[in-house]
Amino acid sequence: MAIMNGRLRQECSSVKTDNKMGGKKVAKYLLGLGHIRIAHISGPKHDFNAVERKMGFMEALQEKGISLNPSYMKLGDWQIESGHREAKQLLTLNERPTAIFCANDHMAVGAMQAVEEFGLQIPQDVSIVGFDNIEICSFVSPKLTTMEQSLDQMAIMAVQEVLRQIREGTEAVNHTNLEPRFVARESCAPLGQSNVTSDLL
């Protein structure tokens, strides 16, 4: 048996995205662009993927000695509307964030809509990052910077793991964390500048 992209059970093999690494990569990228006031819209409170992405994000900021602003930490539910709702709250703050990391692309699209409704520009006023690299990322304007996780690769490796267990007649388990790929597009820019890039990192 093998679990794909879910909460780990030690007695079962698993194949999943290294969400914590992904969260850290996003934070480090934004910090490298000069952003310090970085907000996060997470997924559901008890969702395994959301928790890991948030952990990685917070860890990267703490490693740089940046204090976490509780007002910048919002709770979404993976849906576009929650990204829109939480981003609107962030943008009403007296000291609004200059960058927002959303734990999935749907919420990032909602956040982009909120930024536009406030008469602000992406990325000149606010940089936006998502997670997953779903198809819509290349069709929104500006194109969305995101972390890519390969569900196809996860599925293939999960099947291979089950076949290995059958072939070897063993209950020995393997836990595989796949490194997500950062995809830099047009929705992020150095603080105070515009950025038009489609480089893949």
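Helix H3 (residues 80-91) has 12 residues and reaches 17 Å from its first C-alpha to its last, close to the 16 Å expected at 1.5 Å a residue, where the expected span is 1.5 Å times one less than the number of residues. Helices (H or I, at least four residues) and strands (E, at least two) are DSSP runs, numbered from the N terminus. This is a predicted model, in which local features need pLDDT of at least 70 and side-chain atom pairs count only at pLDDT 80 or more, whereas totals for chains, interfaces and linings use all residues. Residues are numbered from 1 along each chain as its sequence is written, and side-chain values use heavy atoms, with hydrogens and water left out.

**Helix H3 and burial**
- Ser82, Gly83, His84, Glu86, Ala87, Leu90 and Leu91 of H3 are buried, meaning under 20% relative accessible area with a 1.4 Å probe and protein chains only.
- The cover over these buried residues of H3 includes E3, E4, E5 and H4, contact being heavy atoms within 4.5 Å.

**The sheet**
- Four strands form an open sheet in the order E4-E3-E5-E6 with parallel pairing, two strands being paired if DSSP finds at least two bridges between them.
- Strand E4 (73-75) and strand E6 (127-129) stand at the edges, and because each has a single partner strand, one side of each is left without a neighbour in the sheet.
- Strand E5 (residues 99-102) pairs with E6 in the parallel sense over three bridges, and alanine 99 has serine 127 in E6 as its bridge partner.

**Cysteines**
- Cysteine 102 is buried at 0% relative accessible area, and cysteine 188 also counts as buried, at 0%.

Note on methods
Buried < 20%, exposed > 50% of the residue type's maximum accessible area, 1.4 Å probe, protein only.
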